[in-house]
Amino acid sequence: MFGNDGNNAFSLHWDGSQWSSLPTPSRGFSTVLRAVSASPGGEVWAVGDSGFDSVTLRWTGSAWDEVPAPDPGPQFLDLDGVTTISA
């Protein structure tokens, strides 16, 4: 589950008994995460945008790491969905 505090995105993690807030990498712009996908093997990805740049995050098991998004050239790449099909 994702949220935005007005400036930066955050994720919520359910550990089986309670929710906890986890930070996401910040770029200094309002970051919005729009989609998340997880494979049965535990591979988790999230996508969204920050300013005019795309955001692609991978879950390491304890934190989110930013991964460079594909570069479409001069146009804006708006990532609204992601699917994880295998680890």
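Residues are numbered from 1 along each chain as its sequence is written. In this predicted model, local features require pLDDT of at least 70 and side-chain atom pairs count only at pLDDT 80 or more, while totals for chains, interfaces and linings use all residues; side-chain values use heavy atoms, with hydrogens and water left out.

The protein contains zero helices and seven strands, and its pattern along the sequence is β-β-β-β-β-β-β. Helices (H or I, at least four residues) and strands (E, at least two) are DSSP runs numbered from the N terminus. Of the 87 residues, 28% count as buried, where buried means under 20% relative accessible area, exposed means over 50%, and partly exposed lies in between (1.4 Å probe, protein chains only). The accessible surface comes to about 5,400 Å², and 54% of this area belongs to carbon and sulfur atoms; areas were computed by the Shrake-Rupley method with a 1.4 Å probe, and for residues only the protein chains shown count as cover. Among contacts (heavy atoms within 4.5 Å) with a separation of 6 or more, 38% are made by residues 24 or more positions apart.

In soluble globular proteins, nonpolar side chains tend to be buried together. A nonpolar core is defined here as a set of buried Ala, Val, Leu, Ile, Met, Phe, Trp, Tyr and Cys residues joined through side-chain atoms within 4.5 Å. The largest such core has nine residues, namely Ala9, Leu22, Leu33, Val44, Ala46, Val55, Leu57, Trp59 and Trp64. Two or more residues are contributed by strand 5 and by strand 6 (53-59), and strand 6 gives the most, with three residues. Apart from neighbours within four places in sequence, Trp59 is in contact with Leu22, Val44 and Trp64.

Three salt bridges were found in the whole structure, each being a side-chain nitrogen of Lys or Arg within 4 Å of a carboxyl oxygen of Asp or Glu. One of them joins the side chains of Asp49 and Arg34 at 2.9 Å, N to O. This pair links distant parts of the chain, with Asp49 in strand 5 and Arg34 in strand 4 (residues 31-38), 15 residues apart. Asp49 is buried, because its relative accessibility is 8%, whereas Arg34, at 43%, counts as partly exposed. Strand 5 spans residues 44-50. Beyond neighbours within four places in sequence, Asp49 is in contact with Ser30, Thr31, Val32, Arg34, Ser54, Val55, Phe76 and Asp78.

A salt bridge also connects the side chains of Arg34 and Asp80, at 3.6 Å, N to O. Here the two residues are 46 apart, with Arg34 in strand 4 and Asp80 in the segment after strand 7 (64-66). Asp80 has a relative accessible area of 48% and is therefore partly exposed.

Arg58 belongs to strand 6 and Glu43 to the loop between strand 4 and strand 5, so the pair ties together parts 15 residues apart in sequence. Arg58 is partly exposed at 33% relative accessibility, while Glu43 is buried at 15%.
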